[in-house]
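Please have a look at the sequence and the structure before reading on.

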Amino acid sequence: MPLPAPRRASYARLALLLAACCLFGPAAAYAQTPPPRTPAQSIRLERIEFKGLERVKEPEALEKSGLQPGQAVDIDAVEAAANRLLESGLFANLSYKLKGTTDKALLTFEVVERKWTMPVAFDNFVWFTDEELLAAVRRKLPAFDGTAPEAGGVAERIKAALEELLRERKIEGAVEHTLSENPAGRRIEHLFSVKGPGLRVCKINYAGARAVPEETLVIKSGGLFDNDYSRAFTAGFVESNLLPLYHERGYLRATFGPPKVAPEASPECGPGVALSMNVDEGSIYVWDKSVWDGAAGLGAAELDAALGMRSREVANALKIARGLEQVRRAYGRKGYLGVRIKPETEFDDSARSVSYRFRVTEGAQYRMGELRITGLDEVSANNLRGRWRLLHREVFDAGYLDEFGKKAVPEFLREAARAGNPLPPFKIESRVTPDHEKHTVDVTLNFKPEAAPAKP
């Protein structure tokens with residue numbers, strides 16, 4: 001029977017004892033006096049097989065086990081081989097069984113491989129190409145294809161392979177491993193980097209830059225200069241800081257190529273790293289139109305007015321993003337507090353224009369619930385409550401509270417002062433509490449007296 005991993009040793013010993021009974025015959029099995037305890041029985045392995053292999057090849061699995069056909073072993077050696085297989089990180093679970101006789105045994109490992117689904121990225125090994133790094137890892141992990149299991153010992157073996165490569169080239173540095181989010185694909189990946197001298201970015205070049213001058217891009221790259229190079233950080237920096245320079249000019253399809261780096265030893269720069277990226281600016285696009293799919297609470301004209309884009313103007317992506325915030329505010333003023341808007345671009349390359357199709361999910365419309373005023377005396381609280389114009393069960397206006405705080409509350413305080421009943425200095429705390437079952441919103445205004453200044 002298969003031997004479950006947590007109890008391999010005990011079951012294997014039992015199987016070996018049963019095999020010994022068969023080998024020595026009935027007389028040994030039914031001896032009147034128990035024989036004295038002897039050293040573990042030696043078994044000669046005629047054949048070793050693996051069942052359940054998918055990615056891992058049998059020679060690699062055999063090498064990790066440390067066993068060889070024809071070898072004489074005892075059950076402790078088999079157990080140690082099973083542990084080595086698990087510690088390799090290649091397998092999530094395994095069991096084993098022995099068949100045959102002590103001089104002609106078949107050892108079968110039944111394995112469950114770990115799933116290799118998480119990408120592996122090499123961050124800042126500036127001395128090597130990606131192909132050289134892949135080759136170095138495959139010397140220790142022949143099954144490596146640029147991915148690794150989420151957990152287990154494979155990541156440690158990749159790290160060991162990279163450390164060995166640094167030692168071979170006599171490069172100073174320590175390899176580090178973290179889990180990181182890829183800025184481009186938004187996926188979690190195994191990120192391997194090296195910490196050591198000579199990685200400071202001291203030179204940057206952007207080939208192909210025209211619409212945004214290269215010197216502008218270099219000036220905007222202050223977050224890269226004089227910091228240790230990191231491919232992952234560079235990709236995120238470009239997306240957050242450099243691409244918007246193109247998007248606001250209407251170059252909506254501009255892209256930066258993968259960073260290319262090389263050690264730099266010139267007196268004015270080195271020892272450090274020279275960084276270069278190719279820029280594909282693409283074409284400049286103008287605004288054509290917007291389409292609002294799923295919009296019912298607000299009409300297309302109202303939404304277009306909030307968006308603020310005019311036909312044939314440069315399609316400034318930053319202006320479009322700001323316009324979408326205004327659209328969300330317009331929905332909030334109609335009680336739609338959970339609206340979701342997904343933009344999709346439709347390019348007309350012949351006209352160099354772009355249309356935006358907005359997929360709108362409006363959600364529920366909320367209404368005014370209770371207004372609570374705390375921290376004031378009853379007369380003052382009722383006075384202020386009477387100035388609140390958003391009635392109970394009326395469609396909730398998400399912008400009204402801000403307007404009330406800027407206009408109605410100062411008027412209330414001034415009138416109280418003119419009436420000879422000035423209120424002490426207050427800090428006003430407001431809280432909006434939606435009820436997602438009743439689709440109502442309660443508003444709380446808390447007047448908190450400000451602490452008196454300390455006496456000198």
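Once neighbours within four places in sequence are set aside, Phe256 is in contact with Tyr206, Leu217, Val238, Leu242, Leu243, Tyr246, Met277, Asn278 and Val279; contact means heavy atoms within 4.5 Å. The model is a predicted one, in which local features need pLDDT of at least 70 and side-chain atom pairs count only at pLDDT 80 or more, while totals for chains, interfaces and linings use all residues. Residues are numbered from 1 along each chain as its sequence is written, and side-chain values use heavy atoms, with hydrogens and water left out.

Buried means under 20% relative accessible area, exposed over 50%, and partly exposed in between, with a 1.4 Å probe and protein chains only. In soluble globular proteins, nonpolar side chains tend to be buried together.

For the overall picture, the protein has twelve helices and 18 strands. These are DSSP runs numbered from the N terminus: helices are H or I with at least four residues, strands E with at least two. Of its 456 residues, 39% count as buried. Among contacts with a separation of 6 or more, 63% are between residues 24 or more positions apart.

## Helix against helix

| Pair | Angle | Axis distance | Contact residues by class |
|---|---|---|---|
| α5 and α6 | about 120° | 9 Å | eight nonpolar, no polar, five charged |
| α9 and α10 | about 130° | 7 Å | eight nonpolar, two polar, no charged |
| α11 and α12 | about 135° | 10 Å | six nonpolar, two polar, three charged |

The axes are lines fitted to C-alpha atoms, for helices over the stretch in contact, and angles run from 0 to 180 degrees between N-to-C directions. In the class counts, Ala, Val, Leu, Ile, Met, Phe, Trp, Tyr, Cys and Pro are nonpolar, Asp, Glu, Lys and Arg are charged, and the others, Gly among them, are polar.

How are α5 and α6 arranged? They pack at an angle of about 120°, which makes α5 oblique to α6. Angles under 35 degrees count as roughly parallel, over 145 as roughly antiparallel, 65 to 115 as roughly perpendicular and the rest as oblique. α5 passes α6 in a right-handed crossing; a crossing is right-handed if the near helix is turned clockwise from the far one by less than a right angle, and left-handed if anticlockwise. From α5, the contact involves Leu133, Ala136, Val137, Arg139 and Lys140, and among its partners on α6 are Arg157, Ile158 and Leu165.

Helices α9 (residues 300-307) and α10 (residues 317-332) pack at about 130°, so α9 is oblique to α10. Their crossing is right-handed as well. Leu303, Ala306 and Leu307 form the α9 side of the contact, and the α10 side includes Gly323 and Gln326.

The crossing of α11 and α12 is right-handed. Ser380, Asn383, Leu384 and Arg387 of α11 take part in this contact, with Tyr400, Phe404 and Phe412 among the α12 residues.

## Helix α3

Which residues of helix α3 (residues 58-65) are buried? They are Glu60, Ala61, Leu62, Lys64 and Ser65. These buried residues pack against β1 (43-51), α4 (75-87), β3 (91-101), α5 (130-140) and α6. After α3 comes Gly66, with a positive phi near 80°.

Most residues other than glycine have a negative phi. Asp226, however, has a positive phi near 60°. Asp226 sits in the loop between α7 (214-219) and α8 (231-247), and it counts as exposed because its relative accessibility is 53%. Arg352, with phi near 50°, lies in the loop between β14 (340-348) and β15 (353-361); at 45% relative accessibility, Arg352 counts as partly exposed.

Lys195 belongs to strand β8 (residues 188-195) and, at 48% relative accessibility, is partly exposed. Lys195 and Val175 are 20 residues apart in sequence and 6.4 Å apart in space, C-alpha to C-alpha. Not counting residues up to four places away in sequence, Lys195 touches Gly173, Ala174 and Glu176.
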